[in-house]
Amino acid sequence: MARPLDALRDTQREWMINRSRLIAALVGIFALLLILVYRYYSLQITQHDDFLTQSDRNRIRVEVIPPTRGQIVDRKGRVLALNQPTFVVGVVQERSEDLEALVSILRERFALSEREVENFWERSARRRPFESVPIALGLDDTQLAMVAVDLHSLPGVVVDAQLTRHYPFANTLSHVLGYVGRISTADLEALDAERYRGTLHTGKVGLEKRYERLLHGMPGFQHVETNAHGRLLRVLEKEPSQAGRDLQLYLDLDLQRVATEALGDQRGAVVALDPLTGGVLAMVSNPSYDANLFVQGISYVDYAQLRGSLDTPLLNRAVQGQYPPGSTVKPLLGLGALERDLITPETTVRDPGWYRLPGDTRRYRDWTLRVRGGGHAETVDLRLAIAESCDTYFYDLAHRTGIDAMAEMLAPYGLGLPTGIDTTAEQPGILPNTEWKRSQLKQAWYPGETISAGIGQGYMLMTPLQLAQAAMVIANKGTSFVPSLVHRVGDLTVGGVPRAPIAMAEEDWQAVVAGMVDVVHSPQGTAAFISDNITYQMAGKTGTSQVVSIAQDAIYDEDSISERNRNHGLFIAFAPVDKPRIVVAVIAENGGGSSAASPIARRVVDAWLIETEDA
Amino acid sequence: MPEYSRSLADSHQGFARPKTPAERLHLDLVLLLPVIMIMALGLFVLFSASDSDWGTVNRQLRNFIIGFGVLLAVAQVRVDTLQRWAPILYLGALLLLLLVPFFGVGAKGAQRWLSLGFIRFQPSEIMKIAMPLAVAAWVVRGGLPPRPSVTLVAIMIIVAPAATIAFQPDLGTAILVAASGVFVVFMAGISGLQILSATLVALAGIWPAWLFLLRDYQKQRILTLFDPEADKLGAGWNIIQSKTAIGSGGWSGKGWLQGTQSHLDFLPESQTDFIIAVLAEEWGFRGVLCLLALYGAAVARGLWISFSAQTSYGRVLASAITLTFCVYIIVNMSMVAGILPVVGVPLPFVSFGGTSIVTLMFGFGILMAISTEKRIISR
């Protein structure tokens, strides 16, 4: 065998083969190494800036610090709407040793419902283990105290505080303040998304909505570093938020309470204005509701109940309720007629207890028909007509004036137009004329309707606020201000905007005011019964507005008419007469007559002039 | 192989010089030095990747010490002993691999481990060592270059365990195991024509492999490579985050322990397969180059050992081990950098994990044995 030689030769050859392959491998490795180095070079040097930005974007998150909403305080600085810390008890899954046991403890502690516990489990399935999953929401201090005492013995339980709008006086002020609620998709379209990042609530109704822009404030921002799971690690940079502006109202909490109590269970509204500024001293609409219900989201059942109620508690009657003004419109008609020289204070009308248009058989009843049968007096002048609320006098006046001129006369007192008060959903009422009826009802105006308009019936509608505004014009003898809830926003005064004045002779004002004083202070006055022990001079005017029209010659019988068809009672007043400090309008829905309204006004004026030291 | 033929080539050196301690321990210091430096560097990176956890670092240090024990032990074994025992080792490893589907325990949907009660091990790791030993033993038997029939059998020796491992499924290990066998065949000197035809067969195999062999998640990984943005938070997440980590490191890096991608948990598997991204983020491009230089030194020494080995078996084996080591580095760094699909290949001596270190050190022990063999023979 040639083994040794073969082997020797083979070894040499094998070595050559191995060497050539080694060189090939070396070349291969070098090529791959070059590709690798080029790849890292391209990532780390060429695209470095892009990746650096991306890694920063990965870890740095901009968080919004929502602003603190401005407070609302009354004229004496008492807080009516504030931001209260409410507490949310949550569970961090990764920190609790026995989640089931912990949940059953908390369930017992907070008396949680089956549904709430179910919600918790649903939520906890979606959250990351280090995130807090809320289990009990909206807790106050005392409820929190129950869990906080032994918090240390319950690992995994965390308590977060958040500021939530709170209305400490609940029902008393809901119609004035309105409320905030969760931002809806519809809200989002109207709001500036940047300013509302991180904010859950926005004003929905009333002052809260009207002053939303000022109350809200500006959000701040902080740059925070987070890890891949979103856990916050540290704050890198912070720009604090700017709190919203505070609102100071003209409203007096005490007076508001008095008005609320005076109204009692009576459906209706009370508006009290400061005649020197137009500021709203009190504004009550009954029934009311608890605005706090809306803040965290009202339950479907509660909301359905509020919406479905015949008593319409969500309606702010003071600005949204529209009623025939009834006889409260008479002083305004008198003033308008004096201004246009259609009458003088001495003009008299014969009153047989009814009125008939010339050439017509229809009789228009005077309200005295049932009581006295014979009318007010042989002859009635303006003062007596107002004091005793003589219908015949104003039937005659209305007939002589005509509806279009009447509308022109009443317009400067604010009828048929929104007052412009700083709240939402104000209604304009109706000041009818022939043009209005043609465009709205596509009908011609009938002369009989002019007669009804003379005593504030028919198509004419006014809100209680419009009534108060008109009373303010009389109280100030021509000057008046746009009614305003808010006095100051921060340091800036926004109330007290003057309305166009009405220039008229002093005697003309005096004639009407004298009649209104007689309403309260004269024995024949329609509200004479409220003047017991009165220590100041008050001017007023009663009104009754029909809910159901009564057939000609029929006599309105209170007892035979169901409660909701009874007449509304109205009353406007101001006092003291020589230097008025308060104007009041009251409506008592289905109160039967003005006697349901006038004592309420007396009570409110008493409170303001006598019981309140504020002068 | 006859004894005297081996002694001839090396008979001119080593007579007069007294043996150094390293020589007495069969250690090749030139190879050992870069390995130790890589390990030291790796510990620093691991300390950062584990959020300054000494426990992890200590465990890795323990892995290194065990690895050195293995290396030291293997270095003492004569190369012809390895050659003799290679077939048995291979068959034993193959048997264990075949047992895995029946007795194996698994994690994350893959069955890779065998348990003896007190110890769990991966037969595929044993195969990483057994494969080059066995294939080399087979191909050098009939002299080089191997005849086509020998090559064909060699390919079967390679494919059998590689396919078994791929089915576990563990694509990364399968690739490494197959590569170590293929390198032996390559080094043995099969002709260019054979290489070409093998390459064509492999390319032709891609389509059926895609259809029948690859699992959905494996296909997903390959597709993700081409468009990581397609599934940003899912399959693409790892690769987007690792590229971001590497790229944001720049030339000089964010500083040791300062990497935001790794410390804020954006980077997945930051202690194991993706650890190069931590190094690239914190130490920058220059850190990557340093590491590559150290690897280069080890690889160069490995190839030098192959070049100067006394027997064909030693040469072929040393190259195969060194080239497989290169595959580890290139595959790992490429997949983290987004130019290869994500397969489970650790970065040698840097990624945390005892198994890969012990396997690697076993291989380096063989290199030591080959490197020091000439001196033993020359005695």
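A residue is called buried here if 20 or more other C-beta atoms lie within 10 Å of its own, exposed if 12 or fewer do, and partly exposed in between, with C-beta atoms placed from the backbone. By that rule, 43% of the 615 residues of chain A count as buried. The structure is a predicted model, in which local features need pLDDT of at least 70, side-chain atom pairs count only at pLDDT 80 or more, and totals for chains, interfaces and linings use all residues. Residues are numbered from 1 along each chain as its sequence is written, while chains are lettered from A and ligands numbered from 1 in the order in which they are written.

Confidence in chain A comes next. The score used is pLDDT, the predictor's confidence in each residue, from 0 to 100. Chain A averages a pLDDT of 86, and 93% of its residues score at least 70. Two residues are in contact if their C-beta atoms, placed from the backbone, lie within 7 Å.

The secondary structure of chain A amounts to 22 helices and 21 strands. These elements are DSSP runs numbered from the N terminus, helices being H or I over at least four residues and strands being E over at least two. Of the contacts in chain A between residues at least 6 apart in sequence, 74% join residues at least 24 apart.

Strands of a sheet pair through backbone hydrogen bonds, either parallel or antiparallel. Here two strands are said to pair if DSSP finds at least two bridges between them. Five strands of chain A make up an open sheet, ordered S12-S11-S21-S20-S19, with antiparallel pairing. Its edge strands, each pairing on one side only, are S12 (280-286) and S19 of chain A. From one strand to the next, the twist averages 5°. Within this sheet, S11(A) and strand S21 (residues 582-588) of chain A are joined in the antiparallel sense over six bridges, and A:Gly268 has A:Ala588 in S21(A) as its bridge partner.

Seven bridges link S19(A) to strand S20 (residues 568-575) of chain A in the antiparallel sense, with A:Ser545 opposite A:His568. Helix H20 (residues 464-475) of chain A lies across S11, S20 and S21 of chain A and runs at about 145° to S21(A). For such angles, axes are lines fitted to C-alpha atoms, for helices over the stretch in contact, and values run from 0 to 180 degrees between N-to-C directions.

The other sheet of chain A is open and has three strands in the order S1-S8-S9, again with antiparallel pairing. Strands S1 (60-65) and S9 (232-239) of chain A are its edges. Neighbouring strands of this sheet are turned by 30° against each other on average, direction ignored. Strand S8 (residues 220-226) of chain A is joined to S9(A) by six bridges, and A:Glu225 stands opposite A:Arg234 in S9(A).

One residue of chain A is worth a visit. A:Gly206 is found in helix H8 (residues 206-210) of chain A and is buried, with 24 other C-beta atoms within 10 Å. A:Gly206 and A:Leu177 are 29 residues apart in sequence, yet 5.4 Å apart in space from C-alpha to C-alpha. Beyond four places in sequence, the residues that A:Gly206 touches include A:His175, A:Tyr179 and A:Thr423.

Chain B has 15 helices and three strands, and 51% of its 379 residues count as buried. Helix H3 (residues 29-49) of chain B has 21 residues, which at 1.5 Å a residue should span 30 Å, in agreement with the 29 Å between its end C-alpha atoms; the expected span is 1.5 Å times one less than the number of residues. Among the buried residues of H3(B) are B:Leu31, B:Ile38 and B:Val45. The contact between the chains takes 42 residues from chain B and 35 residues from chain A.
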